[in-house]
Amino acid sequence: MNKERKTLFKMIRLLLLVLFLAAVVAAALYPFENRSLLIQFVTDQGVYSEKLRNDEIAQTIQHSVCFEKTQRITIKEIRMYGEMKSMPVKIIGSGDVWNYVEMVENGEKRWYSEGTELTSQSDDIVLTMNLLYGELIQKVSASFLQERLMLMEICVILFSIGLIICSVAEERIYENRWYNHGPVFEVRKFCGDIKKYWQYMVYAAKTDLKAEVANSYLNRLWWLLEPFFNMIVYVVVFGNIMGNSVENYATFVFSALLMWNFFNKAVNYSVKLIRNNKDIVTKVYIPKFVLLLSNMILNIFKLLFSMIVLVVMMLIFRVQIGFNILWVIPAYIVMLMLAFGAGMIFLHFGVYVDDLSYAVGILMNMLMFLSGIFYDMMTTLPEPLNIIMMCLNPAAMFVDTMRQALLYNTAANLPLLGIWFALSLLLCCVGVHIVYKNENSYVKVV
């Protein structure tokens with residue numbers, strides 16, 4: 001009977017795989033109709049919006065925009081949105097707006113590093129965009145790369161949930177056996193271990209914090225100075241390139257560096273976690289994820305300490321905050337979950353592959369420069385690379401989401417945030433399963 005059930009579950013998994021591949025192909029090839037666009041002109045006087053239907057976009061080559069009751073205005077950037085109002089499909093930066101402006105009725109245009117200034121002798125400014133702009137919005141209206149990539153990610157989530165449901169059903173067959181690595185069993189064990197070892201994790205983190213600064217003259221000030229001087233170096237290096245096109249560039253970089261450094265340290269530490277804690281692993285049993293979580297708690301303490309500098313910088317540069325700053329919290333939560341899930345997987349393979357730490361270090365360096373830490377992802381990278389990176393690179397997504405909420409009071413990338421929350425949760429489940437299943441063999445290897 002068990003053999004027949006195993007065959008049945010194999011067939012179900014095969015069917016799920018076929019459905020997954022079919023859904024991915026459908027998401028990639030489905031002929032969507034051209035969409036309407038919401039165009040936002042971000043200016044020094046606020047945001048001017050206009051809605052363009054798909055038929056208007058198809059029939060009109062030259063578009064006119066009217067800024068009412070003003071004789072002088074500076075366009076900083078132009079944002080284009082499809083159906084998802086928190087995710088722009090195209091952003092024309094301050095340095096490129098000039099290229100799409102044809103003429104100003106009864107007025108003139110001037111280019112500045114902050115944007116394109118328009119002046120008019122009448123009470124309203126009537127702006128005519130050129131043919132290049134008309135061709136651009138037609139192209140944006142017809143492109144669904146962003147939606148297709150997100151649909152593929154949703155397919156991955158649904159396929160993974162289907163596999164988990166199969167594993168839960170299959171687990172019921174072996175519920176009376178002593179050896180069990182099914183999802184329900186491991187979730188219960190994980191929650192129990194968290195409750196059991198929580199005090200140890202906090203105590204270990206505090207002990208490591210004290211040991212880290214025990215013999216230093218500046219003590220905890222190093223937690224402020226390290227990210228601060230890193231920020232200064234990057235601002236000096238990249239400031240001449242990006243400083244004129246990004247407002248409050250120092251804060252722009254520093255806020256992203258704090259987030260990235262935490263993620264980078266957690267992932268890199270996980271690779272050699274078992275080998276670096278050989279004395280603990282070989283002498284006493286402790287769930288291996290406890291060691292990783294203890295290190296993450298340590299880095300959270302240091303992160304909170306470093307945020308003092310960020311708050312001071314925001315006050316100095318007079319960054320306006322609003323209700324949307326709360327979106328920083330889910331952005332950090334997704335980052336923490338992703339760091340833990342990826343860390344658990346690297347923890348396992350780091351036991352068996354000595355060179356993995358070098359490979360992960362190189363990978364993280366590449367990822368840093370592809371995640372928009374020092375530049376705005378949507379305006380700097382060429383198309384379609386910017387869309388691909390924003391959708392498929394989680395580091396770029398959570399950095400941009402955090403920065404938009406913190407510095408610009410904008411709720412950004414909300415659909416992607418939900419998708420990567422689900423993917424990170426699945427990654428955590430996979431990592432915990434791999435480590436639980438193999439942790440007894442780690443002692444023999446190290």
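Let me start with a network: Arg72, Glu108, Arg110 and Glu117 are linked by salt bridges. By salt bridge I mean a side-chain nitrogen of Lys or Arg within 4 Å of a carboxyl oxygen of Asp or Glu. Before going on, please keep in mind that this is a predicted model, where local features need pLDDT of at least 70 and side-chain atom pairs count only at pLDDT 80 or more, while totals for chains, interfaces and linings use all residues. Residues are numbered from 1 along each chain as its sequence is written, and side-chain values use heavy atoms, with hydrogens and water left out.

Back to the charges. How many salt bridges does a search of the whole structure find? The count is 11. Have a look at Arg53, which takes part in two of the pairings I want to show. With Asp55, the closest N and O atoms are 3.2 Å apart; with Glu56, the N to O distance is 3.4 Å. Are these residues buried or exposed? Here buried means under 20% relative accessible area, exposed means over 50%, and partly exposed is in between, with a 1.4 Å probe and protein chains only. Arg53 is partly exposed at 44%, Asp55 is partly exposed at 31%, and Glu56 is partly exposed at 27%.

Now Glu77 and Arg79. Their salt bridge has its closest N and O atoms 2.6 Å apart, and both residues are buried. Glu77 also touches Gly93: leaving aside neighbours within four places in sequence, Gly93 is in contact with Lys76, Glu77 and Thr379, where contact means heavy atoms within 4.5 Å. Gly93 sits in the loop between strand 5 (88–92) and strand 6 (101–104). For the element numbering, helices (H or I, at least four residues) and strands (E, at least two) are DSSP runs, numbered from the N terminus. Gly93 has 10% relative accessibility and counts as buried. Its C-alpha atom is separated by 10.0 Å from that of Val42, 51 residues away along the chain.

On to the rings. The structure holds 14 aromatic pairs. The rule is that rings of Phe, Tyr and Trp (its six-membered ring) pair if their centres lie within 6.5 Å, with planes under 30 degrees apart counted as stacked, over 60 as edge-to-face and the rest as tilted. Why is the pair of Phe20 and Phe159 stacked? Because the planes are at 25°, with the ring centres 4.8 Å apart. This pair links distant parts of the chain, with Phe20 in helix 1 (residues 2–29) and Phe159 in helix 4 (residues 145–171), 139 residues apart. Phe20 is buried, at 18% relative accessible area.

Compare that with Phe41 and Phe67, an edge-to-face pair at 5.8 Å centre to centre and 90° between the planes. Again distant parts of the chain are linked: Phe41 belongs to strand 1 (residues 37–43) and Phe67 to strand 3 (residues 64–67), 26 residues apart. Both of these residues are buried. There is also an aromatic cluster formed by Phe190, Phe289, Phe340 and Tyr436.

Two rings have a charge over them, which requires NZ of Lys or CZ of Arg within 6 Å of the ring centre and within 35 degrees of the ring normal. Lys109 lies over the face of Trp98, at 4.6 Å from the ring centre, and Arg403 lies over the face of Phe252, at 3.6 Å.

Finally, the interior. A nonpolar core is a set of buried Ala, Val, Leu, Ile, Met, Phe, Trp, Tyr and Cys residues joined through side-chain atoms within 4.5 Å. The largest has 93 residues, and those with the most contacts inside it are Phe263, Phe340 and Phe398. Which helix gives the largest share of this core? That is helix 7, with 15 residues. Phe398 touches Met259, Phe263, Ala331, Met335 and Leu338, not counting residues up to four places away in sequence. Apart from this core lies another, of 25 residues, including Ile78, Val97, Met129 and Leu136.

Thr401 is buried, with a relative accessible area of 0%. Leaving aside neighbours within four places in sequence, Thr401 is in contact with Trp327, Ala331, Ala412, Asn413 and Leu417. Thanks, everyone!
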